[in-house]
Amino acid sequence: MNQKPTEISDALDLATKAGYILLQNGAEISRVEETMNRIAKYFGVDAGNFFILSTGIFCTGNTRNLKKNDPNFKPEQFADVKYIPLKGSRLDKVVEINQLSREIEQGMYTLEEANEKLDIINQKPPKKAWIQTVSSGVGSFFFCSLFGGGLRDCMVSFVAGLILWIFVMLVSHQHISKLLLNLTGAVIATAVCVIALELGLGVSLGHMIIGSVIPLIPGIAFTIGIRDLVDEDYLAGATRLIDAVVVFFGIAMGVAITLLIYSRFMGGIIEL
Amino acid sequence: MMENFDMITQTFVGQIISGYFGTVAFAIIFGVPRKFYNVAGIVGAIGWTVYVALQRYCDLTGVEATFCASMTITFASRCFAVTEKCPVTLFRICGLIPLVPGAGIYWTIYYLMANDFHRALSTGFVAIKMVIAIVLGMVIIAGLPNKFFKLLEKKKKIANS
């Protein structure tokens with residue numbers, strides 16, 4: 001049983017807000033659309049229209065169909081456009097909003113409560129900095145092993161991954177472009193590996209580097225981009241994939257620049 | 001002796017363990033809720049096991065192995081999404097990370113900048129083929145009807161009751 005139709009603007013506002021958080025934190029377009037529809041429908045808007053891109057939500061709706069037989073009823077209109085920057089993703093928020101939208105559908109929340117719950121979800125603090133840093137190092141360690149490095153290479157990658165993430169944490173609060181962030185991050189990680197090789201700590205430079213820069217990899221943008229393309233959301237998918245390609249390119253340039261400088265000192269191309 | 005110990009990471013068991021913990025580390029970085037760490041790790045480990053086993057014991061090329069691993073990961077994440085009641089995206093993103101051909105892309109750019117076009121082309125093409133393999137693997141499993149996975153849910157309910 002649906003609730004009594006509330007103000008259309010409130011219901012669609014709520015839906016747009018949920019969509020905003022979902023999109024910002026790495027959900028596919030189809031999921032955002034589904035969730036927004038679910039929320040809008042439950043709160044009595046049956047004529048809501050959403051057009052969703054990776055960087056924006058366009059939302060319109062009206063109440064024309066709600067009380068067709070009531071001659072005194074004045075139909076309401078609603079329109080909203082939200083711009084959403086492509087930023088770091090937090091999958092826990094996606095999970096919670098997905099859960100919330102299902103609970104709303106089962107009638108567990110009023111509109112105000114749902115709104116409050118959304119705010120709480122959106123303000124959830126990220127994981128502590130040291131946990132992120134350690135997991136970056138641990139990730140580097142094991143990925144170095146996955147890509148063929150020996151134990152000593154993995155140790156070097158661990159240290160490089162730690163240093164890399166400390167840098168990312170320090171810089172991410174400044175307004176620095178994504179390309180530059182990944183480029184400098186990769187330069188730092190590669191430099192650590194080169195130094196370790198010179199000191200005789202590591203064996204295989206290629207394996208160490210690939211392990212060290214792995215925390216920067218745009219995994220979410222890449223996978224979601226493909227997913228959107230497969231869902232025939234071509235525009236959104238292309239946006240995500242270009243985002244991923246820019247990051248890949250930044251990392252690759254960082255690695256390549258450092259290696260080129262190193263090879264100038266060594267003479268010739270480094271065997272990887 | 002030292003050399004043998006150094007290469008302990010390259011044993012089959014070492015690879016599976018690395019796949020598990022590598023994926024868990026990424027789950028933490030991507031902000032996956034704590035209760036799903038284990039499942040994400042299992043998905044990653046399964047995918048990597050398939051990838052390594054096919055290459056080592058069935059003589060498949062990297063691209064073919066990537067394709068099979070991508071299918072396995074997508075399938076496993078859809079199964080776990082039903083049993084754990086959470087979005088598929090979660091496990092799929094974490095599980096696919098090891099397959100993303102980061103190395104191929106970086107070396108391609110490096111060889112390009114170092115004017116070694118022959119090697120740049122060959123590594124670049126392999127990287128592109130791997131991306132296509134990942135996409136195809138995902139698409140094929142994504143095409144399976146939802147009903148198929150709902151069966152799992154029912155079975156689990158019966159088992160629980």
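Author: Let us start with H6(B), where ten of the twelve residues are buried, so this helix is largely enclosed by the rest of the structure. Please keep in mind throughout that the model is predicted.

Reader: Which residues of H6(B) are the buried ones, and what covers them?

Author: The buried residues are B:Gly102, B:Ala103, B:Gly104, B:Ile105, B:Tyr106, B:Trp107, B:Thr108, B:Ile109, B:Tyr110 and B:Tyr111. Their cover includes helix H7 (117-142) of chain B, together with helix H8 (205-213) and helix H10 (234-266) of chain A.

Reader: How many residues bring chain B into contact with chain A, and which element of chain B gives the largest share?

Author: On the side of chain B there are 45 residues, in contact with 50 residues of chain A. The elements of chain B that give two or more residues to this side are helix H1 (2-6), helix H2 (12-29), helix H5 (88-96), H6 and H7. H2(B) provides the largest share, ten residues.

Reader: What does the same reading give for H2(B), in span and in burial?

Author: Its 18 residues should span 26 Å at 1.5 Å a residue, and the end C-alpha atoms are 26 Å apart, which agrees. H2(B) is mostly covered, with 13 of its 18 residues buried, and the helix is followed by B:Gly31, whose phi is positive, near 75 degrees.

Reader: How should I read a nonpolar core, and which residues touch the most other members of the largest one?

Author: As a general idea, nonpolar side chains in soluble globular proteins tend to be buried together. Here the largest nonpolar core has 130 residues, of which A:Cys193, A:Val255, B:Ala40, B:Leu90 and B:Cys94 touch the most other members. This core draws at least three residues from each of domain 1 (8-122) and domain 2 (129-266) of chain A. Leaving aside residues up to four places away in sequence, B:Leu90 touches A:Leu91, A:Val95, B:Val32, B:Phe36 and B:Ala40.

Key:
Residues numbered from 1 in each chain as written. Chains lettered and ligands numbered in written order. Predicted model: local features only at pLDDT ≥ 70, side-chain atom pairs only at ≥ 80, totals over all residues. Buried ≥ 20, exposed ≤ 12 C-beta atoms within 10 Å, placed from the backbone. Helix = DSSP H or I, 4+ residues; strand = E, 2+ residues; numbered from the N terminus. Contact = placed C-beta atoms within 7 Å. Expected span 1.5 Å × (residues − 1). Core = buried A, V, L, I, M, F, W, Y, C linked by C-beta atoms within 7 Å. Domains from an automatic or database assignment.
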